Amino acid sequence: MLIVTEEACKKAIGRSDAFNAVESVFSAMAKGDAWNFPVVREAIGYADALYGFKSGFDKAGLSLGVKSGGYWPGNADKGLTNHQSTVFLFDPDTGQLQALVGGNYLTAMRTAAASSVSIAHLARKDAKVIGMVGAGHQSTFQLRAALEQRDFEKVIGWNLEPKDLARLAEIAEEKGLPFKSVEREQLATEADVIITITSAHESLLMKDWVRPGTHIACMGTDTKGKQEVDPELIASATVFTDEIAQSITIGEAQHAVANGLISESDITAIGAVINGDHPGRTSETEITLFDGTGVGLQDLAVASAAAKLAEQQGMAQEIEL
Ligand code: NAD
């Protein structure tokens, strides 16, 4: 079996590899060829930690496995990332452990790949301004991946702590693009594509602020109770997601569904758009919204790609169990 370290993942897998892996698995999910198994997430009553498993099987891509890990709030003081995870991949023909892959870097890569897939398939082709809501750890991965999807000419951003926007300004500068720190309302009225990637529990973007034709990728809400946008905005948009069951329970759509503003049948799996079974955006004025909840199959898809690439490049360690 292979051991693929965090460092090896960073070197082996690129943004286009992650994009292709995530796009393929979303497609397989919508065709009924890949399934996520029920998620386990528990407070363990020690170190304030939340620990759990996300697992699934992709029969099309032959990825079987589990991402195990969670959130340790005290890690930052130890110089470690609060989110910790490891992916275990199994041979679907024998059940033998195939690979043990560091999951921290890959989580950011697969989450950025998901919003990128949504931008690639749903944003207007002439989108010029990208607006970032949030400037935490995930945001830099999100911005880098998104900038590859359209010919953006400007980056604008809002964050609770404005000083953290410097990390997004740096990326914009690297790409030769201007960056402006703005208030949320201005962001919503100027941006053609918006990514929200915060831990907020309230609406940060209101329906009346967002202009027609915008694509919004809501990526921060992955737990019951979290919220980033006005439920009325969700109700006025054409809503897509990675997995409908998660979207209505732990994703951004949970609030609009709970308030009776939309129902499950109003939400489309993005895989259906990828597969050509749903037209996606149908007008230049439609607001499209992707509810990226984060599924285990994304983790398995990128871990599987990373393991293959690391092995090919001699960066995976092989051991006998
Ligand atoms: P982080 O702790 O590094 O950053 C948190 C961000 O949220 C910062 O920008 C902070 O200013 C902002 N924030 C916190 N509280 C807020 C509030 N009340 N109002 C507005 N902004 C607020 O976290 P991160 O690793 O960048 O993750 C950001 C979010 O994305 C988290 O909620 C995380 O759980 C989620 N996430 C989702 C997926 C997915 O697949 N959908 C994957 C990874 C992380």
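**Briefing: domains, cores and spaces in a predicted model**

Gly157 touches Met132, Leu165, Phe179, Lys180, Ser181, Val182 and Leu187, leaving aside residues up to four places away in sequence; contact means heavy atoms within 4.5 Å. The model is predicted, so local features need pLDDT of at least 70 and side-chain atom pairs count only at pLDDT 80 or more, while totals for chains, interfaces and linings use all residues. Residues are numbered from 1 along each chain as its sequence is written, and side-chain values use heavy atoms, with hydrogens and water left out.

- Gly157 lies in strand β9 (residues 154-158); strands (E, at least two residues) and helices (H or I, at least four) are DSSP runs, numbered from the N terminus.
- Gly157 is buried, with a relative accessible area of 0%; buried means under 20% relative accessible area, exposed over 50%, and partly exposed in between (1.4 Å probe, protein chains only).
- Val182 is 25 residues from Gly157 along the chain, and their C-alpha atoms are separated by 6.0 Å.
- Ser247, in helix α8 (residues 244-249), is also buried, with a relative accessible area of 0%.
- Not counting residues up to four places away in sequence, Ser247 touches Thr241, Glu252, Ala253, Gln254, Ile267, Asp291 and Thr293.

**Domains and cores**

- The protein chain is assigned domain 1 (2-107 + 297-318) and domain 2 (124-294); these bounds come from an automatic or database domain assignment.
- The centres of the two domains, taken over C-alpha atoms, are separated by 24 Å, and the contact takes 14 residues from domain 1 and 17 residues from domain 2.
- In the largest nonpolar core, which has 67 residues, Phe26, Val101, Leu106, Ile130 and Ile195 touch the most other members. A nonpolar core is a set of buried Ala, Val, Leu, Ile, Met, Phe, Trp, Tyr and Cys residues joined through side-chain atoms within 4.5 Å.
- Both domain 1 and domain 2 give residues to this core, so it lies between them.
- A second, separate core of 28 residues includes Ala191, Val210, Val239 and Ile267.

**Helix α4**

- Helix α4 (residues 137-147) is largely enclosed by the rest of the structure, because eight of its eleven residues are buried.
- Among the buried residues of α4 are Phe141, Leu143 and Leu147.
- The buried residues of α4 pack against α2 (15-31), α3 (104-122), β8 (129-133), β9, α5 (166-174) and β11 (193-196).

**Cavity and pocket**

- The whole structure holds one cavity of 30 Å³ or more. On a 1 Å grid over the protein atoms alone, a cavity is a set of points where a 1.4 Å probe fits but cannot get out, a pocket is an open set with protein on both sides within 12 Å along at least five of seven lines, and lining residues have an atom within 4 Å of a point.
- The largest cavity has a volume of about 30 Å³; grid points are joined across faces, edges and corners, and a volume is the space filled by probe spheres set on the points.
- Asn36, Phe37, Val39, Lys54, Ser55, Gln246, Gly294, Val295 and Gly296 line the largest cavity.
- The second largest pocket has a volume of about 230 Å³.
- Of the 14 residues lining the second largest pocket, Leu89, Gln98, Ser304, Ala307 and Lys308 lie nearest its centre.
- α11 gives the largest share of that lining, four residues.
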